[in-house]
Amino acid sequence: MDQKTRWNTTGGNAWVEMQDLLDRAMAPFIPPLIDGVAGSVLDVGCGTGSTTEAVARQADRAVGVDISAPMIEAARKRTDAAEFIVADAQSHPFHERFDFVISRFGVMFFEDPVAAFTNLARAGTHLRVIAWRGAEDNPFHTTAERAAKPLMPDLPDRTNEAAGQFAFGNADRVRGILTQAGWSDVELQPLDVESTMPEDALEGYYTRLGPVGMALQEANDTTRARVIEVVRPAFDPFLQNGEVRYTAACWIITANSENP
Ligand SMILES: C[S@@+](CC[C@H](N)C(=O)[O-])C[C@H]1O[C@@H](n2cnc3c(N)ncnc32)[C@H](O)[C@@H]1O
């Protein structure tokens with residue numbers, strides 16, 4: 001399934017349905033993303049708009065762009081302090097130049113990352129984005145697929161650099177992409193965020209999101225029950241006092257563009 005289809009169907013719909021849980025789980029990423037961000041701001045892959053809403057409180061103007069129509073519909077319901085566009089950020093002709101281009105986990109899904117960041121270098125002056133480090137650094141996020149693999153052998157391999165959650169794990173590759181795309185002063189700083197969710201939200205999380213969640217949307221009841229039986233105990237190491245606790249291993253990536 002290509003990214004546009006994914007985010008306009010099962011993937012995007014799941015994010016809309018899980019919006020409250022994801023907003024809470026990902027709130028700790030907002031301060032490092034928007035601290036000092038001012039002027040006009042483009043939020044790339046803004047999803048249901050929580051970061052766009054947050055930055056709109058401090059910026060002169062905030063615009064969120066996302067390829068997912070259902071997610072932008074949810075973003076528009078969230079706030080009218082920002083503008084939202086349904087478009088592919090890889091190629092959309094942004095007709096203005098923003099002071100900042102920001103993103104929380106919205107830039108790893110580009111099929112042609114150099115072309116996408118070349119387009120974004122035309123769209124803005126300062127880049128600040130948060131992306132995941134590699135799958136090996138984020139064992140919580142691969143727990144479900146590792147446990148379910150014997151039952152679901154066709155789950156995608158996410159240890160490579162294909163478009164997806166972990167595409168930006170390799171710092172040298174990211175530096176190369178941004179430099180080729182015309183960005184300068186490229187810096188990647190590790191950002192480790194201690195994250196939580198209530199234990200009773202865990203089943204909804206792995207049965208709706210990620211590769212296992214996506215595959216379960218098409219599975220029959222028997223497979224679904226067997227997968228839950230195998231996957232649920234695999235998360236035991238992350239449970240503490242009624243909460244799920246894990247470290248989110250990310251990069252905060254900054255760069256500048258002088259592209260007029
Ligand atoms: C992991 S979600 C993050 C959403 C949001 N930034 C957040 O933190 O809540 C990734 C987002 O990137 C969007 N996306 C993927 N490819 C895109 C593209 N080419 N152009 C614009 N948005 C894209 C998806 O639709 C999705 O909303």
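Predicted model: local features only at pLDDT ≥ 70, side-chain atom pairs only at ≥ 80, totals over all residues.
The ligand is the next place to look. There are 19 residues around the ligand, and of these Gly45, Asp66, Asp88, Ala89 and Arg104 come nearest. By residue class, the shell around the ligand divides into eleven nonpolar, five polar and three charged residues.

In the side chain of aspartate 66, an N or O atom is 2.5 Å from an oxygen atom of the ligand, while an N or O atom in the side chain of arginine 104 is 2.6 Å from an oxygen atom of the ligand. Alanine 89 takes part through its backbone, where a polar atom is 2.9 Å from a nitrogen atom of the ligand. Taken alone, the ligand exposes 600 Å², and the protein buries 97% of that area.

A further feature is the second largest pocket, which has a volume of about 180 Å³. Its lining includes Ala135, Glu136, Pro139 and Thr142, together with Glu145, Arg146 and Lys149, and also Leu155, Pro156, Asp157, Arg158 and Thr159. The residues of this lining divide into four nonpolar, two polar and six charged.

Conventions. Residues numbered from 1 in each chain as written. Heavy atoms only, no water. Near = heavy atom within 4 Å. Polar contact = N/O pair within 3.5 Å; in protein donor to acceptor, adjacent residues only side chain to side chain. Areas by Shrake-Rupley, 256 points an atom, 1.4 Å probe, with all protein chains shown as cover. Nonpolar A, V, L, I, M, F, W, Y, C, P; charged D, E, K, R; others polar. 1 Å grid on protein atoms, 1.4 Å probe; cavity = no way out; pocket = protein on both sides within 12 Å on 5 of 7 lines; lining within 4 Å. Points joined across faces, edges and corners; volume = space filled by probe spheres on them.
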